[in-house]
Structures are given as C-alpha cells and as structure tokens.
2 protein chains.
Amino acid sequence: MPYMYSIWENIQEKFNHMIKETNHLNAYFPLFIPESFFLKESEHLKGFAPELFWVTKSGDRELGEKVAIRPTSETMVYHFMSKWIRSWRDLPMLLNQWCNVARAEIKATRPFLRSSEFLWQEGHTAHATKEEAEKEVIMALEFYKELAEKYLAIPVILGTKTESEKFAGAVYTTTIEAIMPDGKALQSGTSHYLGENFSRHFDVSYADKDGNNKNVHTTSWGISTRLLGALIMLNSDDKGLMLPPKIAPIQAVIVPIFYSEEDKANVSEVASKLSKLLNKKDITTKFDDREGRSPGYKFNYWELKGVPIRIEIGPRDLKENNVVIVRRDTGEKITVKQEEVLKICKTLLKKIQKNIFKKNKELMSSLIFTAKNYDEFKEKVAKGFVKVLWCGSPECEEKIKADTTATSRAIPFKESKKGNCIYCNKPSEITVYFARSY
Amino acid sequence: MPYMYSIWENIQEKFNHMIKETNHLNAYFPLFIPESFFLKESEHLKGFAPELFWVTKSGDRELGEKVAIRPTSETMVYHFMSKWIRSWRDLPMLLNQWCNVARAEIKATRPFLRSSEFLWQEGHTAHATKEEAEKEVIMALEFYKELAEKYLAIPVILGTKTESEKFAGAVYTTTIEAIMPDGKALQSGTSHYLGENFSRHFDVSYADKDGNNKNVHTTSWGISTRLLGALIMLNSDDKGLMLPPKIAPIQAVIVPIFYSEEDKANVSEVASKLSKLLNKKDITTKFDDREGRSPGYKFNYWELKGVPIRIEIGPRDLKENNVVIVRRDTGEKITVKQEEVLKICKTLLKKIQKNIFKKNKELMSSLIFTAKNYDEFKEKVAKGFVKVLWCGSPECEEKIKADTTATSRAIPFKESKKGNCIYCNKPSEITVYFARSY
C-alpha cells in the first residue's frame, strides 16, 4: 500500500545517496533467467533450485528453453559483465539494481517477511583483487548498519555467517541481524564475498597492465522490503506504528478542530500556513483537512500510521496564539506559541529519533544472553539471542538446530576468547550467536 | 546499462514530481496475476492472451493455478481497490506504480522498442464520476506531453485512438505519438478512460453521500522505457547520442589535457575545482580523470554518450586563465575566461535544450503530409505521417493497413473539417493521422 511503499522510497533515497557517493551505478537486468545460466554454478543452483518459479509458456506456446523468474541476479549480471569487462581500465565495476525478485516459499507466507515476490536492492561488483573485493563487502555491510541504526532505528549485530548458513555460491557471507521483541532474529541485510566462484564459470576476466588474463573477484549484497517488517515489529505499540522521524513519510500532521463554519475558516487558514512553513523548512507535514471525519478519528488514524508529531489547532488555541503538540512516542502533550512551532518540532524530531533507537537498543540488550552449559543454552535460546563458543563443526550446529530450532546467526568480527563448545565441549575459540529466526 | 538507466531515473524523478504535486501516491502490486483475474474482463483477456507469459512450476512442483507475469496491472489493482474503497470519502484514489511488465513478442525484439520485458510507470485511478475520470485522463496525457517536449525534446501529436487501436478493455484511449527520422510513428504514452468496464467486473464500488452503492469510474495511463528508444532515434548523429540537457545524466564533462606530470597536477587542480563548483551550482558535471586514456579517446567517448557540453583544460589555457568549451549539438568551440564558465554553461545548456527541440520540431513538420487522393496518400504514408479525413469505418482502416502497413495513429482533439474519406470517398468529418509505426 502507498504508505508503506513511501517508506521503501525513503530507504531507496537514503541508500542511493550512500552508494552514489561511492561511485556505484544503478542498472537494470532482465527478470527472466534462462535455465542454462543456472547450470553453470552448481552450488548456486543447488541452493536456489527448490525456490525457482519457472515460466514455461507464452500465450499457448511452450517455450523452447524454460526461464526462471530471478531469485537473485548473479548469473545474469555475470553474463553481462563477461561482455563488458575487458581490461584493468574497466575495474572496479560497481553496479546496483533495485528490482523485484521471486522465491517459491514452502513455509506459510508472512507480509514483508516471507512472500513469493519481494522488492530489494542487489549490489554486484567486480574487482581486480581479493583485497579490494573484501573491502567492498565490508563497506556495503557498514552502509546497511548505518541505514538500519541511524535511519530505521533498528540496532543490529554484525558478523559472518557459518558455512552452512552462507549464500549459495559465496566464499563467505557477512550479515546484519536484528532482534525482534519476541527474541527471534531477523536477518536484515547480507553482503557476500564470492571470490572467483562465479567469474570462473561465467568467464568474467580482464587483461591486467601486463596483458595477463585474470578472473575478477566479485561481491554481492542485498537488503529488501523485509526491513519494513522489522520496522513494524520493533516500532509499534497498542495504538499502532511508531515511526522513526528520519524515515517517516509524514513527520508531522496538523489536525484542525472546529465546531462552526467561522472557526473552520480561521483554523484552516492558520493550519494551512503552518503546514506550508514546516514543509518549506524540511519537515514533511500533512494538513489533514479531510471532510466527514472527526478530530478524534483523525487522531487515531495518524497514531496508527505512526506519525511522530501531531499538531492540534482549535479556536481557543487560535485566540491565544497557541497550538498543541503531541509526541507519538511518549504521548507527551505541550502547548506552544505558534512562532515557536518550527523550532520545537525540529528539536522534537531529533529527540524522538534518539528515543526510539534507545528503546530498541535497550530491548536488544535485554534479549542477548550467555550460557554456562547446554541446558542453560536451551532455556535462553527460547527467549532470545545466546552468545556462546562453538567448535566450528557443522554437526554440532545441526544438532543444536534439531534440538531447539535455533540456528547460528552470526560470528561477530574480532571476538577472540578461548573456551569450550557449548554443545560438544571440545576446545573452541569461535564466538557465535544462536537464535530462532523469522 | 547504467548510463541509459540513469536517464530513466531522471524521467522517474521528473514524472514523480508531477504526479506527487497532484496528490498521486506510488504503490506496488504483485507481479504474478492469477489466471482467474484475467477471466473477469473478456475484452481485456482477448487483447492480452497471446502475449501472456505463464508460470506453471515452482521448483519441481506444478502450480495449482497457473499465474501470468503482469503485462499491465489493471486486474490486480482493481482486485485491491475493491477491498480498499468503501465510501465517497475514499475517492478519488490516485495510484501509480513503477515496475517491470512482460509481454511475449512475436515480432523480432528491438532494444527499448520491443522486448519481452520492459520498465514502465502505470497510473491507476478511481473516481466518483465520469467527468472527474475524464479530466484525469487528459491531465495524465498533458503530463506526458510536458515530459516528452520540455524534458526529452521530443515533439508529440496528441489525440484519441480509433476503436481498433484502443487499449483492450478501455472505453477510449488517448495517446501521444512521436515521429521518428524515418517517418515512422512511435506511440510514446497512452492514457485510457475505462469507464465502469473493470469496476463492474471487479466490484469496485462506493457508497455515495446518500448511501447508494455506485461503481467507480477508472483510468489508467503509462509510459515506458520506449521513451529511451525515441530519445536515441531522434537525438543522434554520426558521432553518437546528443542528449537534451534537462534529461542528460551528465550535463558537462571536463577533459584535462597534459603532457608532463607537472602539467597534470596543475590542470587537475583547476579541473577538479571547476567540477565541484559546477556541481554545486546544479550543473551535473563529470571530471574525467581516467588514467590510460588519451584526451582524443575521451572526446569521442563523451560525444558518443551525448554529453551536451565538453570543457577542455590544457597547460596553455591555464596560463591564460582560459578554458575551451565545446557544444555537442553544433560542435561550436569557444575560449572563455575561467570565472565565466558557470554563467556561460548555464546559458549554453538552455540554448542547447531549445536548439534540439527546434531541430526535432522542424523534422516533425517536414514529415507530416496531407493527401488529395488515395494514390497520393499511399505515396506520402511511405515517408511519414499523413493527416486525412476518414469515414470512421473499421473496414476502411483495415484496408488501408493491408495496402500500406500504415495504421491510424491518432484522432487529434478539436479538429473539425468536413470532406470525404481518403479511402471510400464517403462524406467524413473525422480527421486522423495515419503512419507506419514501430
């Protein structure tokens, strides 16, 4: 629906700004991927095969080669990069695509979290060296962290995925993981180092300065409309949504209150002027002058939509040159002079942004646990994230999953602590977060 | 590729501005349309059936109901509007979607003009009355005209489609038609009045102020990446593209010229400063400091890409405080003082925009003909548009098409002239343009 879509547009705007500043270019690649493309990288195919939607007919005719709806575009992008990249002068190639992708879901669908089709951004870059590509992987992940924390007010944990949880075809996968109020993890963005896995199979190579032919090192990274799901789950109360101001489609709403036609004219004039002023000063403001709806209806309506600030103007306020300002996050109500509204709104929006992030950060802390033994682990992992040591064997990981339904979420960067695996008790030095997930 | 895609992003930005100013909201609807949706409106189905791509499998499983890839979204939008619209308070509902659509093409594909998948914008609106909906149809068409002429420098003819050329399911279709250098028509945007055709079948109704249930009147309108095809065909010469400044991703390019490392440092410093200044003052400027490419290579490269202004800075210019400015459209070369560059570029960009539109307008005039009789018509329609009278019968239209491959392109608004049908000679008062088309 338009309201949630406009939050997605805001995310696009913020993220486009980040990637364009760092010389990435938006592009568009075909939706239909021929079956033969998937057959080139076997790990990738194995991972995605069960989720592919196949187009087999056009009109009444059977297609010669069936085509898949893209579940992700690595294969298609490398098909083109192999034509576009010739020499070191063409590198790095830094591309990004905003598009729809489709994955057949066996589990029940859930709005914004699991659906056959979703919208996302997928970055695809090619580099001359491993080092450069690995820097890119981390840069993209840092962009995601900034977007999640600074704009969406969603605190995240950064780290690397285990082998069994990495992207199909990647050398390794890095991730940002958010914690929902029920303690479950929501994977909110991933950034992959693909090494030469794809460039070898798709012949994406370049002549270096000495004329030697070399494979490029590639990366890919994505965030999706899942972020809207995280936003809703984290930023809601009994009255509805509670949007962080930096991402809210409407930051302030003005609701006029009147009981006579004369009051209506006077109140509307002031409200309309105020709305124009705030908009001009970069506070996205809506003057709700809808007919046939009571002020009470409008209060509820905009609280449900999570608009950070409500401004009420009635005939009595008018006489005293006042307006009433109500915060969505705390419910706090203050009466202020009309000429102070702009200044106060600016300050309040900053405060609300901070307050929502603080609240979410506290929630996060309260949902991260440690465990001294496997019994305690099982008890805690039913409630939230558990940070433990793990020996690194896929068997232990698999057994934990079978026991608890929890999966490994992330191996945090630069954590070094020695001890014993939470499952098998062997000496371990890999720290990892386990949690149930969406 | 990124460069053409960034022109599409510019088009999106301009068009979003127009529609948001007029209270339209962007939204997103599903890609997959169940077969049952198409069965509801028979004219619509008949028109689109041969072009539908069908998804029949996910993974190894056959789907219960096959789903089509959207060729356009009327059916899906009305499915949702029937849930969202309850009363007069919900009207008008003014939605727009930027997305990909797919249509199976039997004819050979052609980049930007005919391809299985393309990007477009589709507006979908619901109104209480016929009058309001018809106003909307014309408003959208006027937006398209403004976008084509003012930004893309593509002059267009406005009018209504004949019955046989209208959108499948519409009451009537309006269109903007551009003329390509070879005299062929390129349909560049259409806006449809759909009456109650869809609202009846999809039960999109509302309670009016008296509580009576009524069907809404709907419109839909679209422009696509076809516009990029028109832009390329109209705005090119032997050197490559020639982009109108208002839509060019890069409006000015600075190419440094140097033969020694010392010169390189000095030239680059001035070039980089100038680039920052121009960008700050809203002239999108690229400083081409690529290594390993000669100035000559760069000149050709940016001419091919159609950048309106090239700025050359060499060591001799530097000494005299000069730069050289070259216009892409005329090739004119002038030497100007560094402090004048901003002012001169601003003026030049306006002149170039005007000049390209003027050139295209003259081309258009030279390709519109009249005809005294059918023999002359046949001769002229091989060269361009022919404006004639037509009796209104589909038979005459069909016979003209069979004879000449030309189709009716548009019935201009408010043309009233009496005479005889160019084909059957019967008394006629409908003016219509015929042309071959892409």
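Let's start in chain B, where helix H7 (residues 226–234) lies across strands S8, S9 and S12 and runs at about 150 degrees to S9(B). Helices (H or I, at least four residues) and strands (E, at least two) are DSSP runs, numbered from the N terminus. Axes are lines fitted to C-alpha atoms, for helices over the stretch in contact, and angles go from 0 to 180 degrees between N-to-C directions. Contact between two residues means that their C-beta atoms, placed from the backbone, lie within 7 Å.

This is a predicted model, where local features need pLDDT of at least 70 and side-chain atom pairs count only at pLDDT 80 or more, while totals for chains, interfaces and linings use all residues. Residues are numbered from 1 along each chain as its sequence is written, and chains are lettered from A and ligands numbered from 1 in the order in which they are written.

Helix H5 (residues 130–151) of chain B lies across S6, S7, S8, S9 and S12, at about 165 degrees to S9(B). Those strands belong to an open, mixed sheet of 7 strands in chain B, ordered S1-S5-S6-S12-S9-S8-S7; strands pair if DSSP finds at least two bridges between them. At the edges sit S1 (25–26) and S7 (156–160) of chain B, each pairing on one side only. S7(B) pairs with S8(B) (residues 172–179) in the antiparallel sense over 5 bridges, and B:Thr160 stands opposite B:Thr174 in S8(B).

Now over to chain A, which is divided into domain 1 (2–237), domain 2 (252–348) and domain 3 (373–435), with bounds from an automatic or database domain assignment. The C-alpha centres of domains 1 and 3 of chain A are 27 Å apart.
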